[in-house]
Amino acid sequence: MAGRDPGSGPGPGPGASSGGGGGSGRRRGMADPRRPARVARYKPPATETNPALEDPTPDYMNLLGMVFSMCGLMLKLKWCAWIAVYCSFISFANSRSSEDTKQMMSSFMLSISAVVMSYLQNPQPMSPPW
């Protein structure tokens, strides 16, 4: 550090306070260094230009939920109805907020109605499928 001017560094020199008033560490009289005009907001990449970014999991789970719901309703299989509820939850958890909520709600309602109807027709506990 020899040969350096003590006042030319980026911060205060040794033993100097950074603004006075108890050494709080704040600089007084200086403007906010952030520049709001230079803020770049995050935009997710467009899936129209790159279809590889589209995640097909919610669509597959929605389809599986509907298939298992219909199996639970028609074949009176309780385990199919419960798998349909599980698939509906996975589909909802992995979907984007811009997707169609009507289809998601209809899948939920179909799977829940499959569980309710299978237990109304046979209130016995579910027997293992094996």
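Start with the largest pocket, which holds about 170 Å³ of space. A pocket here is an open set of points on a 1 Å grid over the protein atoms alone, where a 1.4 Å probe fits, with protein on both sides within 12 Å along at least five of seven lines; the volume is the space filled by probe spheres set on the points. This is a predicted model, so local features need pLDDT of at least 70 and side-chain atom pairs count only at pLDDT 80 or more, while totals for chains, interfaces and linings use all residues. Numbering runs from 1 along each chain as its sequence is written, and side-chain values use heavy atoms, without hydrogens or water.

Now select the lining (residues with an atom within 4 Å of a point): among them are Lys-76, Trp-79, Gln-121 and Met-126. Helix H2 (78-94) and helix H3 (101-121) each supply at least two lining residues; helices are DSSP runs of H or I, at least four residues, numbered from the N terminus.

Next, show H2 and H3 together. They pack at about 160° with axes 8 Å apart, which makes H2 roughly antiparallel to H3 (over 145 degrees). For the contact (heavy atoms within 4.5 Å), pick out Trp-82 and Phe-89 in H2, and Phe-108 and Tyr-119 in H3, all included in it.

Residues to click include Met-66 and Leu-73 in H1, and Leu-110 and Met-117 in H3.

Notes
Axes are lines fitted to C-alpha atoms, for helices over the stretch in contact, and angles run from 0 to 180 degrees between N-to-C directions. Angles under 35 degrees count as roughly parallel, over 145 as roughly antiparallel, 65 to 115 as roughly perpendicular and the rest as oblique.
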